[in-house]
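Please look through the sequence and the model shown here, and then follow the paragraphs below, which move from strand pairing to backbone geometry and on to packing.

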Amino acid sequence: MNTSERAVASLGLHHVLPPYMLEHLAENGPERLREAARADLAVDRQLRSARAARPIARYGTAAEAADTTPNRTVYDAKNRRQLPGVEVLREGGQPVSDIAVTEAYDGLGATFTFWWEVFGRNSIDGNGLPLDASVHYGRDYDNAFWDGQQMVFGDGDGTLFNRFTVSLDVIGHELAHGVTGAVRDLVYEGQSGALNESMSDVFGSLVKQYAAHQTAEEADWLIGAGLLAAGVQGTALRSMKAPGTAYDDPNLGKDPQPATMTDFVEMTDDNGGVHVNSGIPNRAFYLSAIGFGGYAWEQAGRIWFEALSGPGLSTAATFTEFAAATVAQANTLFGPEAGAVVADAWGQVAVEVVVELPEGDDPVVDVTQTESGAEAGAE
Amino acid sequence: MILTLYRSGGFAAVAQPEVSVDTSTLPKDEADHVESAVREARVAELAGQPAAVPGAGDRFVYELTVHEGNTRHTVKVTEPFADPALGTLIDLLSSYS
């Protein structure tokens, strides 16, 4: 079989190196290693695809995978709720005057660039999947979403919300739902759903920071800055740095996000509060990034992505399980000091971290102010 | 016919206050229009809970209740809708908010 022949010729590095490093090696490494790294990548991809539930609509073809530039198409839904709508801009096409189309196109481009340059990931599926987005969905529509196949953006009602293409991090957020769906489809309910949401905020924010060339200290850590309409009292929709403080407005209400596990919110709406409790892991990411300093995608971002895509994480992961995965990845990728930074970040948001020693000894429990609420979020 | 619509979820996760429409209080033409939109969306035939769609995020969830005589039917639907008539009904009910 072709696969096993290639595996024999490989270095076995897929057990050790994350795929972005293998991709780098395959592209830029010493000549004698390049082919072996490519073979490793092929094995790595097969292992990953076998492990993860992969519910996205389709995967890039061989030709799409070979092309490492974005393949974007933007549609105009013409204020209806039918997808995708009328095609208005295809990759490399002439610019159009519609600002929502331009923002969607440019935002998809910046998001593609981020995933390719930082993680060596070719689009959502790692295989060059074309990126489709529809703008002007619905009438006065206050939302942007990922339907499992494409991105969808509303115009906002103009009173509470502006158009949803206005913030690059919102576009990065939606595309990250596609990536999460492809690598580890965290169940969109309760704690795993809040982790799914947090991944989108994390990588949406990193897309913005990467494009602006900002360090963790320079970044605003806001999600949806510019999205609130003029007159609304607030700076953004969410704050990863200070969850619960993004807005407080008579019409919109108050930002409901908790900053620590102590204030975990039990609710049935919003799939069990997936956009509410995401504040807790969001802040753990922010604290890790600040703990490392410098560009957040270099250490904290890599740790989070490897924890998401690593083989041990369940699609129904709790905060505690994900925290342990990030600490383990930090230790593996950057050493014990990095592990301590990440463990401290989770401790500050009162999420219990259980770390298994590599030798397989008894787990060591870090008793950092674990609240009774820590168990509360499981469905 | 009494209809209620409650929207939650979405990227912003700001719930829309519940909208309630009692067609017996509307002018006849308008009441007919709303009731025909309910029939066209075939709300009575929809299952109470949608099947989970994996790999999606940020979609609005609409809880729709149709109360007519002795029958009361509540469904939860998640965008996007396969049947455009459902979107038309939700837009129509939202216009009463």
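In chain B, strand β3 (residues 60-68) and strand β4 (residues 71-78) run antiparallel and are joined by eight bridges, where helices (H or I, at least four residues) and strands (E, at least two) are DSSP runs numbered from the N terminus, and two strands pair if DSSP finds at least two bridges between them. Within this pairing Tyr62(B) stands opposite Val77(B) in β4(B), and in the hairpin of β3(B) and β4(B), which has two residues between the strands, Gly69(B) takes a positive phi near 55°. This is a predicted model, in which local features need pLDDT of at least 70 and side-chain atom pairs count only at pLDDT 80 or more, while totals for chains, interfaces and linings use all residues. Residues are numbered from 1 along each chain as its sequence is written, and chains are lettered from A and ligands numbered from 1 in the order in which they are written.

Chain A holds an open sheet of five strands with mixed pairing, in the order β2-β1-β3-β5-β4. At its edges stand β2 and β4 (144-146) of chain A, each with a single partner strand, so one side of each is left without a neighbour in the sheet. From one strand to the next the twist averages 20°. Inside the sheet, β1(A) and strand β3 (residues 131-135) of chain A run parallel and are joined by five bridges, with Val135(A) in β3(A) as the bridge partner of Asp76(A). Helix α6 (residues 168-183) of chain A lies across β4 and β5 (151-153) of chain A, at about 20° to β4(A); the axes are lines fitted to C-alpha atoms, for helices over the stretch in contact, and angles run from 0 to 180 degrees between N-to-C directions.

The backbone also deserves a look.
Most residues other than glycine have a negative phi, and most peptide bonds are trans. The peptide bond from Leu83(A) to Pro84(A), however, is cis, with omega near 0°, and Pro84(A) lies in the loop between β1 (72-76) and β2 (86-90) of chain A. That loop between β1 and β2 of chain A is also the place of Lys78(A), which has a positive phi of about 55° although it is not a glycine. In chain B, a cis peptide bond with omega about -5° joins Glu79(B) and Pro80(B), and Pro80(B) is found in the loop between β4 and α2 (84-94) of chain B.

Packing comes last.
The largest nonpolar core has 108 residues, and those with the most contacts inside it include Val74(A), Val135(A), Phe153(A) and Trp346(A); such a core is a set of buried Ala, Val, Leu, Ile, Met, Phe, Trp, Tyr and Cys residues joined through C-beta atoms within 7 Å, and a residue is buried if 20 or more other C-beta atoms lie within 10 Å of its own, exposed if 12 or fewer, and partly exposed in between, with C-beta atoms placed from the backbone. Its largest share, nine residues, comes from helix α5 (residues 99-119) of chain A. Because domain 2 (56-183) and domain 3 (185-379) of chain A both give residues to this core, it lies between them, the domain bounds coming from an automatic or database domain assignment. Apart from it lies another core, of 13 residues, among them Val43(B), Leu64(B), Val77(B) and Leu86(B).

Notes. Contact = placed C-beta atoms within 7 Å.
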